[in-house]
Amino acid sequence: MTVELSTEELLEELASLPTLAHPTTSPDGDAVACFYDITGRNELHVVDAETGEMNQWSDGTVPRSARWFGVWDATGERIFYHRDEGGDEENDIYALSPDGTAEPIVELDGQVVIHDVGDDGRTLLAAANRDGQMNLFRHDLETSETTKVTDYDLAVWNGILAPDCERMAYAANETDDLTNRDAYVAAVDGSNPRRLDVGESGAETVPIAWGPEGRRLLLGDDSTDLARFGVYDLEADAVAWYEDGPYEERAVAFVGDGSRVLANRLRDVRSIPVVYDLETGRARELDVPDGVSDLGATWSAPSCVLDDSRIVVRHTTPTKRPELLVYDLETDSYEVLLEPEYGPFDRTDFPDAEHFTFTSNGIPETSPAAVDHDPYEELEIDALFYDSGERPSPLVVAPHGGPRARDTKRFSLLPPLLVSLGFSVLQVNYRGSTGRGREFVERLIGDWGGAEQGDVATAVERVVETREWIDDDRTVVFGGSYGGYSAYWQLVQYPELYDAGIAWIGVTDLEDMHENTFDHYRTGLMERYLGTPEENPELYEERSPVAHVTNLDAPLLMAHGVNDNRVPVSQARIFRDALLEAGYEEGPDGDFEYEELGDEGHASSDQAQKLRTFRLLADFLERRV
């Protein structure tokens, strides 16, 4: 490193590096709003799109963690944001003015999520689970009346308002196939819903944006496996699909008069923005630096468009912290609008990621201790490796969450934190990860704890085999959320492989998770992948890490936010109690250690809460590994 720091100083400096989240352009294109904790606390800031001058609007009124986005009102005079209590994600919608005044706008029981804000200045479209499942509500900003406008049995997403605010589009599913989503158009009061007859049954077809004239809809679809987009003409009742090469492409927005479309192209572990000319069908990759450059949300109100030719791009690499670029589509040039902060560090202090692939049939050489599997189809799996430079080097295996997610060549604090502590880091895009099409994602259906966990274990074996300087007597698995499930499962399924484990906000008991998570996670996650506990009781039992708790054979640290409503803290408590019942000892020198994180939900970007987690990790790794 370019600076000499003690471990405590290192943790403090890393945790205090400012986090930029959810940039969104103002209606007139003059400014970009974002959440940013340059002051040490998450606050809402507004950046002048020409000068880069930044103004702080909030002062302790927005949540400490920047999980949820903000949305401009139609006039650009206020910003709507999500407010919860202690990270519980039971959001209400508030409006923030430039002078810092915050007022409640939509307050409903449960979780409320902004979907769109109308150009008419009075219509706000949100989804809420007040009645159990996520459905759409229309809020009138003039009368303060909130009205439920859809009533589906399964969650409704991607709600977007037509330019005249008299119609809306959204994604819903009225079939028995939980992998299915269809695009609908309805009156803004929910009447006369019409399902667009596009896409295959079992695929996901979702609305992304209305054309500026209100006659066309930009759709996303994965009927042909790789994500693509189409433009649906509502008057002609016809759709034109656009695809360019063997990549997933996720459309984001129309530009200008609607003759061009912006999209994110997912290529291996990178993301490249592209612009399509709809008349010719040709796509052009934007001339941005290598790494992960993205255009933000693919359906919700946050926007990347400044005007007919300029857009905002968020760019990052493993060694470059996120920065905001203003890109000119006419000149194919860009300027940096918001420079990243590095504190006492230099870019060379951060480790780069080596991308490699390996083949896996889901069955590692390591013998399973919990569940035996027959070989699965052999696939090529992507992975990222960060070299600590230590010889020999201990290894941390860090499966991602989701599971519908992927690790990419972007900046994250976890690899530099672990590398600075002397650990090399392995990330694995196991089958079920995104970026490689619907078929790859759906390989996880009915098989949590199966082939995807075999892919992770196989990756560990390949790294140990090909890098003789890895110390296979100091191998650790660490993950959060579904990665936390993976950490628990790796430890009970392949105990020979690991010398310690850290499970953070992880799933341990599938039936309890099904019973206590949000309804839209119950159906959209648990039942989509596993069916119900009544339909598949053996699967729910067999693939629950707690059912195999006696296989644990390495020190384990469990950490869980007490306000977590996605993966309730009961998941950690169940595993802790099962360990104690099985005779395992708790404590700093015992078989496992247990920490409940107060005032925190499903992870947090708050600097103080990050530092608390970093200290737990560093202390555990130093003592136990």
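# Reading strands, helices and cores

Guide: Strand 5 and strand 6 (residues 79-83) run antiparallel and are joined by 3 bridges. The model is predicted.

Visitor: Which residue stands opposite Val71 in strand 6?

Guide: In general, strands of a sheet pair through backbone hydrogen bonds, in a parallel or an antiparallel arrangement. Here Val71 faces Phe80 of strand 6.

Visitor: In what order do the 4 strands of this open sheet lie?

Guide: The order is 5-6-7-8, and the pairing is antiparallel. Strand 5 (70-72) and strand 8 (102-106) are the edge strands, each of which pairs on one side only. From one strand to the next, the twist averages 35°.

Visitor: How many residues lie between the strands in the hairpin of strand 11 and strand 12?

Guide: There are 4 residues between the strands of that hairpin. Strand 11 (residues 135-140) and strand 12 (residues 145-148) are paired by 4 bridges in the antiparallel sense, with His139 opposite Thr146.

Visitor: Is Ser144 buried or exposed?

Guide: Ser144 is exposed because its relative accessible area is 53%, and exposed means over 50%. Glu89 also has a positive phi, near 65°, in a residue other than glycine. The location of Glu89 is the loop between strand 6 and strand 7 (92-96). Glu89 has 2% relative accessibility, so Glu89 counts as buried, the cut-off being under 20%.

Visitor: Which residues are joined by a cis peptide bond with omega of about -5°?

Guide: Arg391 and Pro392 are joined by a cis bond with omega about -5°. Pro392 lies in the loop between strand 30 (379-386) and strand 31 (393-397). Another cis bond runs from Gly402 to Pro403, with omega near 0°. Pro403 belongs to the loop between strand 31 and helix 2 (414-420).

Visitor: At what angle do helix 1 and helix 10 pack?

Guide: Two packed helices are described by the angle between their axes and the distance between the axes. For helix 1 (residues 7-15) and helix 10 (residues 607-624) the angle is about 145°, and the axes are 9 Å apart. The crossing of helix 1 and helix 10 is right-handed. Helix 1 contributes Glu8, Leu11, Glu12, Leu14 and Ala15 to the contact, and helix 10 contributes Gln607, Lys610, Leu611, Phe614, Arg615 and Ala618. By class, the residues of this contact are 6 nonpolar, 1 polar and 4 charged.

Visitor: Which members of the largest nonpolar core touch the most other members?

Guide: In soluble globular proteins, nonpolar side chains tend to be buried together. The largest nonpolar core has 58 residues, and Leu426, Trp448, Tyr498, Leu556, Phe575 and Leu579 touch the most other members. Helix 5 (residues 482-493) supplies the largest share of this core, 7 residues. A second, separate core has 38 residues, among them Tyr342, Val396, Ile502 and Leu557.

Visitor: What is Leu579 in contact with, leaving aside neighbours within four places in sequence?

Guide: With those neighbours left aside, Leu579 contacts Val549, Leu552, Leu556, Met558, Tyr584 and Phe592.

Visitor: Is Gln453 buried or exposed?

Guide: Gln453 is buried, because its relative accessible area is 1%. Gln453 is part of helix 4 (residues 451-466). Not counting residues up to four places away in sequence, Gln453 touches Tyr482, Tyr485, Ser486, Trp489, Gln490 and Tyr494.

Visitor: Where is Leu154 placed?

Guide: Leu154 is in the loop between strand 12 and strand 13 (157-161). Its relative accessible area is 16%, so Leu154 is buried. Leaving aside neighbours within four places in sequence, Leu154 is in contact with Gln133, Met134, Asn173, Thr175, Leu178 and Thr523.

How values were computed: Residues numbered from 1 in each chain as written. Predicted model: local features only at pLDDT ≥ 70, side-chain atom pairs only at ≥ 80, totals over all residues. Heavy atoms only, no water. Core = buried A, V, L, I, M, F, W, Y, C linked by side-chain atoms within 4.5 Å. Buried < 20%, exposed > 50% of the residue type's maximum accessible area, 1.4 Å probe, protein only. Helix = DSSP H or I, 4+ residues; strand = E, 2+ residues; numbered from the N terminus. Contact = heavy atoms within 4.5 Å. Axes fitted to C-alpha atoms, helices over the stretch in contact; angles between N-to-C directions. Left-handed = near helix turned anticlockwise from the far one by under 90°. Nonpolar A, V, L, I, M, F, W, Y, C, P; charged D, E, K, R; others polar. Pairing = 2+ DSSP bridges.
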